[in-house]
Amino acid sequence: MRKTAGSNEVSVNMREILPLLVGLIVSTISVGCQQPAPDSDEQADGESTADTESEGDGDGDGDGDELTECEATIEPGPSPIRRLTRVEYNNTIYQLLGDTSQPANAFPADEVAGSFDNQAAALVVSPLLAEQYEVAAEQLALTHAPALMDQLPACGGGAPDPDSCTADAEAFIHGFGKRAYRRPLTDDEVAVYVDLFIAGTDLGEAAYDPQVGVEVILQAMLQSPHFLYRVEFGASDLADGGEDVVPLTSYEIASRLSYLLWNTMPDASLFEAADANELQTADQIEAQARRMMDTPRAREAVKNFHRQWLGLGRIEPQIAANGKNPDIYPDYSDELLSLWRRETEAFIDDAVFEQGANVEVLFTANYTMMNKPLADFYGVTGPTTDQFERVELDPGRYAGFLTHAGLLALYAKPDRSSPIHRGKFVREILLCQSPPPPPDIVPEAPSVDENQTTRDQFLQHSADALCSGCHRLMDPLGFGFEHFDGIGRYRETEWGLAIDASGELIETDNDGPYNGAVELAAKLAASDQVKNCVATQWFQFAYGRTQTAEDSCSVEEIQADFAAADYDIKELIIALTLTDAFRYRHVIGAEENP
Amino acid sequence: MSIRKNHRLSRRHVLRGLGGAAIALPLLDAMRSDRAHAGPGDTPKRLIIMYTPNGTVPANFWPTGNGPDFTLSPILAPLADHKQDLLILGGLDLMSSLKGPGDAHQKGTGSCLTGMPLLEGDFAGDGGQSAGWAGGISLDQEVANHVGQHTPFASLELGVAVQDPANVGARISYRGAGQPLPPENSPYAAYQRLFGDSIADPLAVERRAARRRAVLDAVGDEHRALRDRLSGDDREKLENHLTAVEEIRDRLDEGVISFGGECQPLQQGAFMDPNLVSNMPIMGKLQMDLMAMAMACDITRVGTIMWTRSVANHVFSFVDPNITEAHHSLAHKGDEDAPKVAQNTAINAWYAEQLAYLITRLKAIPEGDGTVFDNTVILWTNEQAKGNNHSRYDMPYVLAGSAGGYFDTGRYLTRPEMPQIPHNKLLVSLLHAMDIDADSFGDPEFDAGPLSGLT
């Protein structure tokens, strides 16, 4: 057992706090098998699979009383300190130094919780990562110090005057430090860096080496917790209407905005607004958010969200790892994988930013984005170059991202489609519901049989009471995609046999039968549950944590704004910048006992 | 963190003493006491852990016979040359993985070295289950806390094709609850980390070290100041980060590893992609070479090698070109699916072959009257017993090496079916083998002392 008091505290804290952070994400809506699942050696947590749709899914409860209560109280929920992800580190280094070497690619992978790599509770700094921060900082300092010396003119020449040189260094520390720390440095911090500069000038090959002084400043700033984490204390005065709640400072808001909308540090305009303390009111924040939304970097951040939420980032490694059977899919090659990912990314990007599309359109659009190699794969005409362009599709067959080859091939087997995995994807990722776990002993799936459709082979699931209890939640959602084979291409028949792509939505807010992916997509598009699921996922991505009970007002506000904007994704992101959860935090120490 | 005592002659002092003049390498050997050649009674013990996932094929894993009279199974056959060095342990159950949050693979991986259930968290498991990191310190880190102060690196975490996502299924080592240590997949990066200073220009190394001291002192102060302003989990996070910074800082005062005797530079060959599954055989050997050399140079005495990860979907076509299905998927085939069971057996036998290679490497390093292997114990662990039903009873544990004569090897120990025996007892036995006093390890529910009959 652990022997030090310190590490005992760790376990106590983690154990007490984590369940709170886990919050609603899984528990909001979980579905239960109506028939008993087989026994397993797992812990008996079957109770948690009961329907608990009551909390937080705000459709239909916009009555005045509750809103008033929300308006009267400020409740930001938890604000855990957030470590930069690898993407954020690379982007920040680029903004800070114009460096394109992407040093964080050499770091250990970011820990992934839920669907996302930016969840505060999971991101830790191991000794290995700390060493890699050091190595990256040294390399960046070596690379960029020479050019930065231009900002210290008194340090140039043959025999610089140390006092004048130090004065220039101090100015550099103020300027560069503010961008690295994303706020002005305190006097004490500046003094430490001045001392470090002076010490550094003594550590070069020459007797007095100002460039080494700048190098050590860079090394230290790039390993500072104020650079590596998003540190927030909030303003000094308590907010009215909140218990132990403070508004975030304008600098803190600037960072929240830039890392949410751009996955990088604030730009000059955000710094200016923060300098003038003009990121305090909702109007000020919204104006900045709208300006930022209208830039290419916002499109990258939205792409980052979808890559993680839908699993687009897994298309290449996962399919490449498992392969596709060349006898059954001779047209498959690994070169298709990045095209598949880019199709869905390009489609969502075009829909959201060029067409102003809402969530429904992502599900129902009858166009996509392709280049020539991809069009050749799909067997459609149009694109003649490697550039992705808009291609109209047969609306009887295709609907939005749901019928994209990459996702359908990802949720498939090497030699066949997989109604189970596709149905599970719809249930878990799009409806935010968790089917209970499979039993420990799962019978072998039948091998591919050229005399039987995949659907017929999996009828066992509805025939066998042991299976049907849970598989009824997945298979009838996955059968809708049976016109798409294991590499996501449309097929009229399977082994010459007729395809039955009918299915049924159950235990959702929009239950009922459907036939084929297009009808399934339409039913999902019309579902409030799907829209709330999208909002929930964005909440998690934006705030680096799952929803908690304290977030009910913020969630309500987000969902109301989302609905009012007819489910425009950009408006959802704007709404995320206007909540209590985004603008305020608990006083440090106070959040221990909310 | 200044507990680490520096018994070595600091390179800094030597360089200063010589006025910074160029120094021939042989002189540097004197800067480091060579424990690999230390006298009797001063021989360091080492612990190495090898993790492979997805369970085994029990029918083809367990030997026949028992005690000293046993015959190796198809999976263990590659270890034939080392049969007298093995202690094969039947009848142990991964009971700490039968409680708490998470799915079977998550729990098996998180508790295999911690003996603790997992924390709550958001790592998605099967069927909507979820879990956080493991809930306590791992065996290797507990040992490192006791013996790590003698070496520049308290422990070494290596991986072979440990694929993303980085979550509880991809980590076995923990500094404490919720504090995982990631394995390094690249033998090239790991070599640079351990030996980079040894193969670089000594003056350049010293100049860089001087800068690092100045920088890390400032960075450490800043971490301390920030930590003191935070509370709860945030404070813990900064505390852990600070510990890492302090370790790096302290290492600067330890001098540089110098080659000599059995401690020699490695030739790693042309660069190959460490993440490609088809490169696993080569990457695995490079990592084991590195682990053995780290022990020979006394850079560390505690190491883990994580082969792939829980639910690994690597296709082991390099073991047999007929294998086209991913490991986890193969592991789930029913017992009656003879061809697939044979393939899964081949994969596990290949892992046994890797263990045999590591043993051979360690046996090739003389130490005292014997070899480094004589003073080492290797634990081969899995996160499941049986892949196709997630059973975590009767875990396929193998010990190799006696840890300086502590274990009485060359035996296959079977145990009665009942009562269940928590694997925590094995973890306690390993602590004892490393001369660490402990009555229990991990979940207090399984507070039952060491295993009997191993010594």
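Which residue takes a positive phi just after α15(A)? In this predicted model, in which local features need pLDDT of at least 70, side-chain atom pairs count only at pLDDT 80 or more, and totals for chains, interfaces and linings use all residues, the residue is A:Gly356, with a phi of about 60°. Residues are numbered from 1 along each chain as its sequence is written, while chains are lettered from A and ligands numbered from 1 in the order in which they are written.

Helices (DSSP runs of H or I, at least four residues) and strands (E, at least two) are numbered from the N terminus. Helix α15 of chain A comprises 20 residues, 335–354. Its expected span (1.5 Å times one less than its number of residues) is 28 Å, which agrees with the 28 Å between its end C-alpha atoms.

Chain A is divided, by an automatic or database domain assignment, into domain 1 (82–230), domain 2 (248–294) and domain 3 (301–525). The C-alpha centres of domain 1 and domain 3 of chain A are 45 Å apart.

Between the chains, helix α5 (residues 127–148) of chain A meets helix α8 (residues 232–251) of chain B: their axes come within 9 Å and cross at roughly 65°. Axes are lines fitted to C-alpha atoms, for helices over the stretch in contact, with angles from 0 to 180 degrees between N-to-C directions. The contact (C-beta atoms, placed from the backbone, within 7 Å) involves A:Pro127, A:Ala130, A:Glu131 and A:Glu134 of α5(A), together with B:His241, B:Ala244, B:Val245, B:Glu247 and B:Ile248 of α8(B).

Note on methods. Two residues are in contact if their C-beta atoms, placed from the backbone, lie within 7 Å.
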